[in-house]
Each structure stands twice: as structure tokens, then as C-alpha cells.
Amino acid sequence: MDKDRVIGSAKQIKGTVKQAVGKAVGDAKLEAEGSADKIEGQVQNAVGGLRDTLKGK
């Protein structure tokens with residue numbers, strides 16, 4: 001498993017938590033940051049998956 005997949009998954013979880021906390025406390029900025037982290041994690045996870053595919057794993 002590529003390290004990008006692990007880091008990407010962690011960013012997705014972090015983003016989901018930030019987004020939920022932002023929504024709960026009414027902080028639009030925190031909610032937006034969480035959403036951005038979540039998307040960044042998804043992209044990084046996809047890059048890691050592509051690398052794994054190219055390596056033949």
C-alpha cells in the first residue's frame with residue numbers, strides 16, 4: 001500500500017471531523033476547511049491507488 005493512500009485516508013478522516021465540528025458550532029470557516037481537507041485526502045488517496053496499480057500491487 002502506497003504511503004499516499006494512508007496519508008490521504010487520514011486527511012479524509014480529519015476533514016470529516018473538522019466539517020462536523022464546524023457544522024455543530026456554526027463555524028462556516030471550520031466547516032469549509034474540513035471540506036477542503038476531505039477533498040484533498042480523497043485526491044491523495046486516489047494518487048496512492050494509481051501508484052499501487054502502476055506498481056502491480
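Student: Which helix does valine 25 lie in?
Tutor: Valine 25 lies in helix α1. Keep in mind that this is a predicted model.

Student: Is valine 25 buried or exposed?
Tutor: Exposed: the relative accessible area of valine 25 is 58%, and the cut-off for exposed is over 50%.

Student: What patch is Val25 part of?
Tutor: A nonpolar patch on the surface, formed by Ile13, Val17, Val21 and Val25. Together they have about 370 Å² of accessible area.

Student: Why would residues three or four places apart point the same way?
Tutor: Because an α-helix has 3.6 residues a turn.

Student: Other topic. Where is aspartate 52, and is it buried or exposed?
Tutor: Aspartate 52 is in helix α2. It is buried, with a relative accessible area of 6%; buried means under 20%.

Student: What lies 3.0 Å from a polar atom of its side chain?
Tutor: The backbone nitrogen of aspartate 2.

Student: Which other residues of α2 are buried?
Tutor: Among them are Gly34, Asp37, Gly41, Gln44, Asn45, Gly48 and Gly49. The buried residues of α2 pack against α1, residues 3-25.

Student: What span should α2 have?
Tutor: Helix α2 has 28 residues, 28-55, so at 1.5 Å a residue it should span 40 Å. Its end C-alpha atoms are 41 Å apart, which agrees.

Student: And what caps the N-terminal end of α2?
Tutor: Aspartate 27, with a side-chain oxygen 3.2 Å from the backbone nitrogen of lysine 29.

Student: What comes just after α2?
Tutor: Glycine 56, which takes a positive phi of about 90 degrees.

Definitions and conventions. Residues are numbered from 1 along each chain as its sequence is written. This is a predicted model: local features need pLDDT of at least 70, side-chain atom pairs count only at pLDDT 80 or more; totals for chains, interfaces and linings use all residues. Side-chain values use heavy atoms; hydrogens and water are left out. Helices (H or I, at least four residues) and strands (E, at least two) are DSSP runs, numbered from the N terminus. The expected span of a helix is 1.5 Å times one less than its number of residues. Buried means under 20% relative accessible area, exposed over 50%, partly exposed in between (1.4 Å probe, protein chains only). Contact means heavy atoms within 4.5 Å. A polar contact is a pair of N or O atoms within 3.5 Å; within protein, one must be able to donate a hydrogen and the other to accept it, and residues adjacent in sequence count only if both atoms are side-chain atoms. Patches are made of residues with over 30% relative accessible area and no salt bridge: like charges are joined within 9 Å, nonpolar side chains (Val, Leu, Ile, Met, Phe, Trp, Tyr) within 5 Å. Accessible areas come from the Shrake-Rupley method with a 1.4 Å probe; for residues, only the protein chains shown count as cover. A salt bridge is a side-chain nitrogen of Lys or Arg within 4 Å of a carboxyl oxygen of Asp or Glu.
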